[in-house]
Amino acid sequence: MKDISISINKVDNEDKCSGKAKYVADYKLEGMLYAFTVRSQIAKGEILKIEYPELPNGYYVVDYKDVPGKNIVKVIYEDMPVFTTGKITYLYEPISLIIGPEKQVLNDLLKQVKITYKEEEPVFEWTDSVVHYHFDKGLGEKAFQGLEKVEYDYKTSYQEQAYIETQGFIGYPEKDKVTLLGSIQCPYYVKNAVVQALGEKEDNVRVIQATVGGAFGGKEEYPSLIGCQLAVAVKKIKKPIQLIFEREEDMLVTTKRHPSRVHFEGYVLDNKIHGLKAVVGIDGGANIGLSGVVLSRALIACTGAYKIDNLDISGDVFRTNTVPNGAFRGFGAPQMFFAVEMFFEHVAKKLGIDPLEFKLNHLAKQNDFTSTMGIFRDPVLMPEMITKVIETSDYLNKRKEYEKSEFKGVGMSLFFHGCGFTGSGEQNHIKAKVKLKKDKDKVYILIAAVDMGQGVKTSFRKLVSHILEIDIERVIFDNPDTDFVPDSGPTVASRTMMIVGGIVARAAKEMKDRFDEESFVVEKQYVQPEYIKYDEATFKGDAYPAYSWGVNVVEVEVDKDTYQVSIKKTWSVYDIGKAIDERIVMGQADGGLAQGLAYGYLEVMEHKQGKIMQKNMTDYIIPTAMDMCPMETYLFDNPYAFGPYGAKGVGELSLIGGAPAVAMAIEQAIKRRVFKIPVTPEYIMELINNGEN
Amino acid sequence: MVTSYIPLNLDECLKILSDKQVRIVAGGTDMLIQNRSHTSMPIGFKSDVCYISNIEELKKIYEDETFVYIGSVCSLEAIMESELVPELLKNTILEMASPAIRHTATLAGNIGNASPAGDSLVPLYLLDALVEKRSIKGVSKVALSDFITGVRKIDLEKDELITKVIIPKISFTKSYFKKVGPRLSDAISKLSFAGAYKLENDLVKDIRIAFGSVNVTVVRRRDLEERLIGKTKDEVKKMVSEIVDWYEEFIKPIDDQRSNKEYRKSISLKLLRSFIENIE
């Protein structure tokens, strides 16, 4: 039998390249109305009065008074209203929808809405802690006494997902049902949120995924907000309604990667970090939402790819009057890995040791304890992976050579990503279910996983056809529709192939045994590996069932006149267990690294008095093909017992190492210490004028 | 309702400009963005518009002994492919926008838009380009530096049309353009710099320096350039710090979402320094 990793054409290539694929904006339903959002023009205060213009016949306003159920969007932490009842907590907070048949009229009506506010002083400083976590490992801070302290501070800023397709839904009534068709990652998150907001029976809410033009985490929880708003409107008006964001609206109001600050204190003896104290802050924006989970995933990653015996780790989510931040590929890890990789580099330099040697001396091994006293149970291939990256990139010689030259540099990052939900999240919260249906000569995959470009449709059909040893054309995988597929959980957390694919593989094996039966359904549920025991409150135990690992080497040149950075080449090695399709994994590897590199040196996003300054694709700079470089990538097989064919998580891993690697390369090129990302030419100039080496 | 006029020749166009109140659209790559509205809604023009891109007479590039003439609806891509156009301008166009935009956008449009960050303006100022304007009353020529009067302000009457961009034929020993954008393609400049000189027997016969995106319009100071003419290249190179000081007061950039004034100023002056030091 052929190795499953051997690539096939993506099954949606033709539909997407020919324009046949239907995105939400491509659907025009008869009598469809449009919804425009009325938004606050202040960052903090109370609405005293709203005056709407006289509405022509067939036009409607929908606001909090129309919410039949609970006026709170159901996400992990419930503090975001579907529509505000009057309290304004950030600029452009949604107040109501104006709905009607003509966009031009809606545009004019929107301009005539008069809102009187009682303004309050908005909070942009990180002072209002709304989530606080703390955990120790080993002796905690008691172990620090008498050791040499080395401390540094690191900062990261916003990152915008910049999916090609903006957020959007069409909602319509179907008998007793409200149905939503949308650009989403998590059909059941939207469904469950709408059920709560409408106070409806589960059967009366249906959510269907349209072809998704990119998501990167941006369509994890945010669609639940506008999905609820639209469902409320459909329930009231009983007509099909489209709510699709314009690009600027999308960039101004949707969730972004949390800006972070990390203070590290390393306690050193004999050139080894024996103790680490971390004080971490992230900016949650106006709502907590997923911020607590982002923080906890960041904290768990506090030791990077290394083993440190004694930890004193704390962190806060700060609430500010800014756009709420949320899920983004990496989910806390990109911030923490930037900080910890730079910290190891800086501590080594301070101690006068070669940073790579210093890192190798701390590298975690199989059976070592993790930061939360879990165990790295599977083989850790990092030494071999590092050897491979050194051989292919000529890292050691370049590193030595560029020490002597100017404006050239090379950097190496070592990192991992915890695959799937934290701890017992899968078992306690998600409880993923999958179905495989055989109907004569066809097999249907019934799961809620979304192909947002990452290739789930291809890899799952391939997985099932491979196990059943049938032609891939006989395996059908339609976009999920909650009326037909069970809740296999959200398409997030690098869990889809490892967790959902693992359950699907079990179902397929059972189906294979009964394959001569004509029509039947196999249903399977997630079973937690016995070894996983994790206490969320104390951060103790196995935080993840498995880890994917990676090494990036990045070579840069910095222009001596303008300080513009050009990336010459990258070399990467990843252990993702086993690739279900090599080309798909390579696509994730290149795309993730480009996004990670850009996070490190290119993508600037800031707010001024709560207003996002880079609000379109002209001003928010993501890399073009001209800015990227040849990328050499190698995969190491390291099968994980519970993943299908040994597969672990892929989606997020490749983003994580880019920022620290490019920052270290720039650090070498300019001979100045880098403490924040993005490392823009403006920051490089500041460092060259005032920085230290 | 917005009425769109699509004249097929110049006379027709000038008549429309004379009779009607219209905005002129050439390539439209800036106009469409500036007047954007919701997806699947008509472009939000606030007045009637006249689309000039079908006027064949304005699509020619030709020369005589002293000038190169570029018709005002020639696309940037067509200008880049012409053998008549000076290298300095071609090198600049290559760094502008993206291939798709370059196939539609025009040089005259970049002039008409009069953005402080208009990339082509920097070499055009340096080359002493002229703008030909026409109305039913007649034709006139004006120096580009007089034509652009401020941020998005130009000296063009409502019945006038830019018909040509006229570039004097000058030979330089070396000419140089540097765009500093936030990325390598499809980006608006943080700053830009152009420099050119002509040496004869090591004597500076001509030297020109222009800066973009660091003031309301392109910064070019003939008075400062003239101080250098007639000196030997080594004398000029020795004066580099002094020259940088001369220009310092004219570089007045702003902070915005793309960069900050410290960077813009410092890098502009650095590029000037590097340009002077590399005179060979």
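## Interface of chain A and chain B

Across the interface of chain A and chain B, 18 residue pairs are in polar contact, both residues at pLDDT 80 or more. A polar contact is a pair of N or O atoms within 3.5 Å; within protein, one must be able to donate a hydrogen and the other to accept it, and residues adjacent in sequence count only if both atoms are side-chain atoms. On the side of chain A that touches chain B, helix 2 (103-112) and helix 17 (681-690) of chain A each supply at least two residues. Helices (H or I, at least four residues) and strands (E, at least two) are DSSP runs, numbered from the N terminus. That side of chain A divides into 11 nonpolar, 8 polar and 10 charged residues. Here Ala, Val, Leu, Ile, Met, Phe, Trp, Tyr, Cys and Pro count as nonpolar, Asp, Glu, Lys and Arg as charged, and the others, Gly among them, as polar.

The model is predicted: local features need pLDDT of at least 70, side-chain atom pairs count only at pLDDT 80 or more, and totals for chains, interfaces and linings use all residues. Residues are numbered from 1 along each chain as its sequence is written, chains are lettered from A and ligands numbered from 1 in the order in which they are written, and side-chain values use heavy atoms, with hydrogens and water left out.

Chain A gives 29 residues to the contact and chain B gives 28 residues, where contact means heavy atoms within 4.5 Å. The area buried between the two chains is about 2,400 Å², with 51% from carbon and sulfur atoms. Buried area is the accessible area (1.4 Å probe) that two parts lose on being put together, summed over both. There are 4 salt bridges between chain A and chain B, a salt bridge being a side-chain nitrogen of Lys or Arg within 4 Å of a carboxyl oxygen of Asp or Glu. Glu248(A) and Arg36(B) are joined by a salt bridge of their side chains, at 2.5 Å from N to O.

## Domains of chain A

Chain A is assigned domain 1 (24-121 + 162-253), domain 2 (260-422 + 538-690) and domain 3 (425-525); the bounds come from an automatic or database domain assignment. The C-alpha centres of domain 1 and domain 2 of chain A are 36 Å apart. Their contact takes 23 residues from domain 1 and 29 residues from domain 2 of chain A.

Domain 1 and domain 2 of chain A bury about 2,200 Å² between them, and carbon and sulfur atoms give 63% of this area. On the domain 1 side, Phe216(A), Met251(A) and Leu252(A) lose the most area to domain 2 of chain A, together 26% of what that side buries. The count between these domains is 1 salt bridge. Glu248(A) also meets Lys615(A) in a salt bridge of their side chains, 3.4 Å from N to O. Helix 5 (residues 247-253) of chain A gives the largest share of the domain 1 side, 5 residues. By class, that side has 14 nonpolar, 3 polar and 6 charged residues.

## Domains of chain B

Chain B is divided into domain 1 (4-168) and domain 2 (174-277). In the contact, 21 residues of domain 1 of chain B meet 25 residues of domain 2 of chain B. The two domains bury about 1,800 Å², 59% of it on carbon and sulfur atoms. In domain 1 of chain B, Val122(B), Tyr125(B) and Leu126(B) lose the most area to domain 2 of chain B, together 32% of what that side buries.

Between these two domains of chain B the count is 4 salt bridges. The side chains of Asp128(B) and Arg220(B) form a salt bridge at 2.6 Å, N to O.

## Aromatic pairs and backbone

Over all chains, the count comes to 31 aromatic pairs. Rings of Phe, Tyr and Trp (its six-membered ring) pair if their centres lie within 6.5 Å; planes under 30 degrees apart count as stacked, over 60 as edge-to-face and the rest as tilted. Tyr133(A) and Phe539(A) form an edge-to-face pair, 5.3 Å centre to centre with 65 degrees between the planes. Tyr133(A) is in strand 7 (residues 128-137) of chain A and Phe539(A) in the loop between strand 21 (534-535) and strand 22 (540-541) of chain A, so the pair ties together parts 406 residues apart in sequence.

The peptide bond from Ile677(A) to Pro678(A) is cis, with omega near 0 degrees. Pro678(A) sits in the loop between helix 16 (658-670) and helix 17 of chain A. Asn367(A), though not a glycine, has a positive phi of about 75 degrees.
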